[in-house]
Amino acid sequence: MLATTYRTGVVASFATVSETFHPEPSSRTPVKDASLTPIKPERVAEELRKICNQRDSGQLDRDEYEHRFARMISELRDRKIDGTRAEIMAALSPLRAEGKVDAIAWDRLTKSLGLA
């Protein structure tokens, strides 16, 4: 611990980096190293429909929708989607046809997941 004395006689102490608590690296499991099961295409479509319905009904504002959409894409990248490209597109395409997902979100989703 480092100590500094000021002109007023007050001693301030500062913990050095080595003295602060850090959990052992083995106790933390990075998401990419964990064995996560892939997500079914139907589940992806269900979750996307859910956040789009919440956005349309006013339950989610623009920022919250964006946050959830980005988080969903991030989790899908980590966990992967269980299925072929054709199966994934077959599950997601009805959302676009119904108008639940606009063109910008559709492009972002398909490009981010490597489906475009």
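A crossing of two helices is called left-handed if the near helix is turned anticlockwise from the far one by less than a right angle, and right-handed if it is turned clockwise. Keep that in mind while looking at this predicted model, because H2 passes H4 in a right-handed crossing.

Let's step back and take in the whole chain before returning to that pair. The protein chain has four helices and two strands, and reading from the N terminus the order is β-β-α-α-α-α. Of the 116 residues, 23% are buried. If you take the contacts in the chain with a separation of 6 or more, 61% of them are between residues 24 or more positions apart.

Now for the inside. The largest nonpolar core has 23 residues, and the ones touching the most other members are Leu48, Tyr65, Phe69, Leu76, Leu92, Val101 and Leu109. Helix H1 (41–57), helix H2 (62–79), helix H3 (85–98) and helix H4 (103–112) each put at least two residues into this core.

Leucine 92 is a handy one to zoom in on. Setting aside its neighbours within four places in sequence, leucine 92 is in contact with Val44, Ala45, Leu48, Trp106, Leu109 and Leu115. Glutamate 46 and leucine 92 are 46 residues apart along the chain, and their C-alpha atoms are separated by 9.0 Å. With 49% relative accessibility, glutamate 46 counts as partly exposed, because the exposed class begins over 50%.

Back to H2 and H4. Two packed helices are described by the angle between their axes and the distance between the axes. Here the axes of H2 and H4 come within 10 Å and cross at roughly 20 degrees. Angles under 35 degrees count as roughly parallel, so that is how H2 and H4 lie relative to each other. On the H2 side, the contact is made by Tyr65, Glu66, Phe69, Ala70, Met72, Ile73 and Arg77, and on the H4 side by Ala105, Arg108, Leu109 and Ser112. Sorted by class, that contact has seven nonpolar, one polar and three charged residues.

What about polar side chains on the inside? Threonine 110 sits in helix H4, and at 5% relative accessibility it counts as buried, because the limit for that label is under 20%. Not counting residues up to four places away in sequence, threonine 110 touches Met89, Leu115 and Ala116. Leu115 is also one of the contacts of leucine 92. Over in helix H1 you'll find glutamine 54, which is buried too, with a relative accessible area of 16%. Leaving out residues up to four places away in sequence, glutamine 54 touches Gln59, Leu60 and Arg68.

One last stop is the loop between H2 and H3, where lysine 80 is placed. Lysine 80 has a positive phi of about 75 degrees although it is not a glycine. Is this residue buried or exposed? At 52% relative accessibility, lysine 80 counts as exposed, because that label applies over 50%.

Definitions and conventions:
Residues numbered from 1 in each chain as written. Predicted model: local features only at pLDDT ≥ 70, side-chain atom pairs only at ≥ 80, totals over all residues. Heavy atoms only, no water. Core = buried A, V, L, I, M, F, W, Y, C linked by side-chain atoms within 4.5 Å. Buried < 20%, exposed > 50% of the residue type's maximum accessible area, 1.4 Å probe, protein only. Contact = heavy atoms within 4.5 Å. Axes fitted to C-alpha atoms, helices over the stretch in contact; angles between N-to-C directions. Parallel < 35°, antiparallel > 145°, perpendicular 65-115°, else oblique. Nonpolar A, V, L, I, M, F, W, Y, C, P; charged D, E, K, R; others polar.
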